Amino acid sequence: MYHFYQTLCTPPRIHRLFRIMKLTTLLITIAVLQVSAATFAQKVNLTQKNATLTQLFQAIHKQTGYNVLWSASKIAGAKTVDVDFKNTPLTEALNKILENQPFTYEIDGNNIIIKEKPAPVPNVQPAAPSITVTGKVTDELGNPMIGVTVRQKGTNNVTATDAKGIYTLTVPDDKTVLVFSSIGYETQELTAKDIPAGSTITLKASQTALSEVQVLNKGYYFEKRELTTGSIGVVSSKNLEEQPTTDPLLALEGQVAGLNIQQSSGISGSYSVVRIRGVNSIANGTAPLFIIDGMPYNNQSLSSNLFTNALGLGNPGAPSQIGTTLAASGQSPFSGLNLGDIENIEVLKDADATAIYGSRGANGVILITTKKGKAGDTKVNMGISQGIGQVPHFIDLLNTQQYLQMRREAFTNSGLAIPSIAINTSDNNYDINGFWDTTRNTNWQKVLIGNTAHYTKAQASVSGGNANTQFLISGAYNRQTSVYPGDFNDETASLHLALTHSSNDNRFHIALTANYLNDNNNLSQFDFTNDITFAPDAPALKGGDGNINWQYRNSSATFGNNPIAQTLRTSSSVSNNLFSNLDLNYEILPGLILKSTFGYNHNEMSQNFLTPASSYAAPHNTDPNYRTSNLSSTIFQTWIIEPQLSYRKKILNGILNLLVGTTFQQNLQQNSEYAAGGFSSDALINDIAAGSIQIISPETYTQYRYTSLYGRISYDWDEKYLLNITGRRDGSSRFGPNREFGNFGAIGTGWIFTKEKFLSGAASWLNFGKIRVSYGTTGNDQLTDYQYLSTYSVNSTSYLGISGLTPSRLTNPYYAWEVIKKLEFGLDLGLLNDRIDISADYYRDRTDNQLVGYPLSSVTGFTTVQYNLPAVIQNTGLEAQLTTVNFKTKNFTWTSSINFTLPNNKLVSYPGLAGSSYKTTYAIGQSLFIREWYQYKGVNPQTGLYTVATANANGTPSSPIDLVITPPVTQKYYGGIANNFSYKNFGLDIFVRFVKQLGFGYQTYFGVPGIANSNEPTAVLNAWTKPGDISNIQAYTASNTTSYAFFGRSTGNITDASFIRLQNASFYYKLPASWQRSMHMSNARVYLQGQNLFTITSYIGLDPETQGLVLPPLRVIMAGISASF
Amino acid sequence: MNKQPSNLKNIRYSFFLLGVLLLIISHFSCKKFVQIPPPQTQLVTTNVFANNSTATAALLNIYTLIWTNDDTYGTAQALGLYSDELTNYSASTSQIQLYTNSLQALTPATNTWANAYKYIYASNAVIEGLKNTSGCSPAVKRQLSGEAYFLRAFWHFNLTNIYGDVPIILTTDYTINNTVTRSARVQVLQQVVKDLQNAQSLLNPNYVDGSDTIATALRVRPNQTAATALLARAYLYLADYSNQNIGYYQKADSAATAVINNSNYTLAPLSGVFATTSKEAIWQIQTPSSANENTWEGQYFILTGAPSTSGAGNVTAISPQLLSAFESGDQRLTNWIGSYTTATLPKVTYYYSYKYKGNSANYSATNIPEYDTPIRLGETYLIRAEAQAHEGNINGALADLSIIRMRAGLTGYNGATDQVSLLRAILHERQVELFTEWGHRWFDLCRTTTGGTSNAALLLGPPGNVCQAKNGIWYSDNHQLLFPIPQTDRTNNSNLSQNPGY
């Protein structure tokens, strides 16, 4: 390895790399030395008379590092021994100690298991048939459990599982009951005949607060939760399955402190903005890194630019400003990932947990682990559910009478006559001029978004296997329709396969997971919510003849934007997504494991959007140019290979873990788009070749490569003092020559103070207490590819018949990572025998080296160049999580869990802000979520117009002199409260989410009150009407929109958008065990689940989370049944 | 449980895994792995100049940008408003600021500064790219770098006339360009001369097509004569009206003579001066393929209704000052000035610049009647007339002046022939001949003025007069002679000084 890197790396970088290579070599050398010591040279020195076995075993443990596992009760009566060991080999010493004792031993890995000698076969009696039961014990994640007690019920015949979770116990017959127990897990009893040789038994975490998930997956390694030094939030499959949604991201809303998820709309498959601990970057990516089964998963929507205008399904546009409610749209790449296939989701937050992800971990990491098969009888799980979804809340809009009153007053206020079609035949105020039927009164919300969406979910899985090989195959199907008029639906189907195999000697493991998702989304490109502002007297959507009602007048349509025409436009977005991961694992020597993972992802999305001319009113309904067809196809491919070597060894009083590994990753993305128009008939729009005008957009192609070397050293002293050091050296193709590589690392420490002698017993109510501190760096390489290259782009406009080439940008080949320094203090407490579990964190993340467009004088030919600015963003916050077991009896349990996040964001410094394009966007010392807007001064009692504070006496504000800094338009704090009740066979889980935040008022989304064909919320009924009125709503107007525009950019437009939402409730009934037995079922239950049941808010609008005129998150209620066979 | 490890199996697994590991690592070196090829959909700069056709595309695109960024109409309109050619009707702040000579450094009224430096950057990129390549043929290299020098000179010339002292940019290196200081106007003009001499020596005498070598009738790429014509203009400005540097007048004279003596160029009838087939045109800018109108001048000067009160297009009319400058019988008044009279009472007539007659209404991609014409023979005659007047060659000056007058249907010049009267007549002729073309009028007003007072017996009167005629306020410090340096540029490059008074 040494030699290899020496030859391959170019000189300038060699020294730094050398050091790392040296370190690696050293680590491996130490590891190998330790292994040989452990295997060949363990000697015992001890001289003692009348030593008890317990004393001797402890001595051996101290001197050799081997764990000696024995049953205290069994050896209590054993004979004492006189020993005199001088450099005696371990095995010899053990033989001596157990000589003449009814025990024998077995060395397995680091463990010495003391077992009873098989009872000598009596000579006289016929042999009692005795059998040997052997198998493996794992936790719910499938991780082997060490030290689980396996006991013949009611006897002292006992053993413990070894490092691989393997146990062997000899029992009299197959009717013997075996008891499996371990602290923190539910005890399980099984009859020997129900345990096939080599089968795996899974212990469930017991219902104490702390122990729901015992083993944490930190991506490259696992850690016992108790011993972790990092900040990690976990959502288990139980929580996920209760939520009737098809996007796993939505199921995470409010569940984890520090994790903020914001839906862009209630349209199925819409994109959500995900942030862990705030916004760390001004110009580059702020999304966390998503990992599914060890493979990085593309979190960007593959939706095409062609669909930019379509709300909900468009491409995630460049956010004009961080914190804009609709910072991203497009189709969620997670939509269609079956929640039922997910075992758990972990959210890694601090440096300790994320630094091993190096340049990709800046914004936190979300690890999704899918389910694996379990040994045992082949099991079939099936479930089906059906449900409905509706818009939970409509805005109170004006009725026709109020609306017309508003319109009339608007004309009067503007000094205009009330329009009349009889007087002015070309007037187009049809809502009021007498052309439309003013006796009509339609609440357009009910017509356009008032339908009921239907949901169907079905899933089935088969799992099983033996001790060596386990499998799980699961399939799921989801279909949902929309609340819009018309026939729209979104169908997803998924297939999940997990295969695991171990060699007979348990040293070789292979695991394959493969997922295939198909999403066929035919939802409208158009969000009908846009049109709920129609005048309440607007005509019916369809005429009596069933055709679209354009309401012609003299052959021109007065209702030309009839939204029902959208139902004639078809859009489809089909994605096929395959991702799989192969994991090979081999234990070369005890504790030394060589492993490699291979991941692959192929995701294709093809979209089309067809507009027939018939969806337009005459005269365009026959115009070929109004027949258009847009096609787009995007392919995204990733592969990743990660070989690694890990070593685990007991040294002195603690366990040392070493890990080194490397990563090779490549992403490719290709997109092509075509559009055509000028079809001679609506029937031809499906064939793009039939269009007389064809536009081919420039293809895009990006390649990304990433490599790294990472390592970890962790040591815990006596499970009391914990130390975890991680480091990573990363290379990314997003940086120019000699800037590809960067180093990141973190140190995490923990102190379990309740294990100190001075505390044990002192506070009987405190059974667990840990203080964590971590500090480290991660980087952000989420930036546009190729920016370091000096390139020309094609300008399709030609000169002398030659298409132009234009310089793409100024190039700075020297830019490098944004570096985030994360500091964290954490406290974990377990009270009253773990019935109360408290976890609190304070964090401070500072991002330096911000990679932004450095403002340049335009004399350079451009106004910016990509540059690392010493601009600093700071995110600080407090997070708390409290889990309690309030009540626990045989029949009734009640547990609660609360999480709370108080985030704070600040732009600490930004050199050159005044000359940059951010000069009226951000301010030093302020949150990134502020606006620089005008100061709202209320409605002028004399003129009835909105006013803002101005330096100029004429009342017309100007930028930048009149701008003030608004409070941050973002969350002030947020969290969730879960309560879970179970009584006998019934269970009820309720999850309430709360968000305290500022948002934008309804005024921005509705037109100016009084302007044609635009309805308003009833809040405008308080508008100013005559001089002297004090009102907060300006006078209705038919013409003046200037003051309204200033209002829209003023502090008056910022409003409280806090809410408390019953996010989720789930009620289930487990069928009685006797029924289940008689029907050969297990885990059979029926359930009722509700999502987004109701919201308490003072916000005026459809929904305080999505705001604006977009479809709000739907209220979904589903009923279903599931069972295993 | 079977605890008999099979050594054979272990070895097999180990070898398998180690093999995989080594294979992976040996495949990639740490650094090479992340050095990816450039994207297929973008061209890396070095590759652009590695062959004739892409290098040509990089150069020709500058013309496309000049057209699409609307610098032709933009400059003509802004400087027409700033001087006394146009009356403004727009409520747009920048139009008002231009019209009332009250520009603000914080909110630039035009994009000229940024756009000019954009073209200069692109030109420098071509010059540098061609210097370091062996991929282009020598003839192509000469033509393209000649055009790049020409464009660099053209934009520096415009900049220094509008902003006074300006940075001279001769490289693409932003680390240099972002710390640059302003150079004195004379230095800038000398650099312009140097670049144009370079261009003269490099450019093809013929107009070439997209192949860079084959001659074509279209005059949409500068040739040697275009460089010479622009050189004549630069010498005239360098001669410095107040200091009367005769050496430069002689150079202007001989450069202009070289152009005039070239039989490829003849004065065209008034209606055909700007035509695509014009023999008067020395350098035109082709209407690019994506256009929906013939020229921006046609699109935005021609009024088809009353002038608009917002925005920057169709918002101006010919000023009364310009209208009254025409002698009776001047065909330019009838041919180059159009009028629109409102249909409703009271009827108002607006006059507009009608040099370019095509707009979107009569646009056809296959038949574009006229192209933007930044340099034409008519101006060259007037350059020579002015230079000769200064040299004392009265007859020569008279002859050139008369040629221009007679083309407009007037008699030859028969006024006083003393130098001052003659110069005044020449400058007047420039006013009515070159109106609404690339700011000639404003440049003339400025260059004939020193310290606010017009010399040579107040040929045109102080520029402040034109301001007061528009009810603007002219300050006694005469700072309005120059546009302000955009404030953002000064914030981002603290070495850039501001023009006094702003």
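Figure 1. Strand S38(A) and strand S39 (residues 802–807) of chain A pair in the antiparallel sense over six bridges, where strands are DSSP runs (E, at least two residues) numbered from the N terminus and two strands pair if DSSP finds at least two bridges between them. Within this pairing, A:Ser798 stands opposite A:Ser803 of S39(A). Two residues lie between S38(A) and S39(A) in the hairpin, and A:Leu800 in the turn has a positive phi of about 55°. This is a predicted model, in which local features need pLDDT of at least 70 and side-chain atom pairs count only at pLDDT 80 or more, while totals for chains, interfaces and linings use all residues. Residues are numbered from 1 along each chain as its sequence is written, chains are lettered from A and ligands numbered from 1 in the order in which they are written, and side-chain values use heavy atoms, with hydrogens and water left out.

**Figure 2. Strand pairing between chain A and chain B.** Strand S38 (residues 791–799) of chain A also pairs with strand S1 (residues 43–44) of chain B, in the antiparallel sense and over two bridges. Here A:Tyr792 stands opposite B:Leu43 in S1(B).

**Figure 3. The interface of chain B and chain A.** The contact (heavy atoms within 4.5 Å) takes 75 residues from chain B and 80 residues from chain A. Together the two chains bury about 6600 Å², 66% of it on carbon and sulfur atoms; buried area is the accessible area (1.4 Å probe) that two parts lose on being put together, summed over both. On the side of chain B that touches chain A, helix H1 (residues 7–27) of chain B gives the most, with 11 residues, helices being DSSP runs of H or I with at least four residues. Across this interface the rule finds zero salt bridges, a salt bridge being a side-chain nitrogen of Lys or Arg within 4 Å of a carboxyl oxygen of Asp or Glu.

**Figure 4. A salt bridge between distant parts of chain A.** The side chains of A:Arg993 and A:Glu253 meet in a salt bridge, with an N to O distance of 3.4 Å. A:Arg993 lies in strand S51 (residues 986–1000) of chain A, whereas A:Glu253 lies in the loop between helix H7 (248–251) and strand S16 (259–263) of chain A, so that the pair links parts of the chain 740 residues apart. Over all chains, the structure holds 46 salt bridges.
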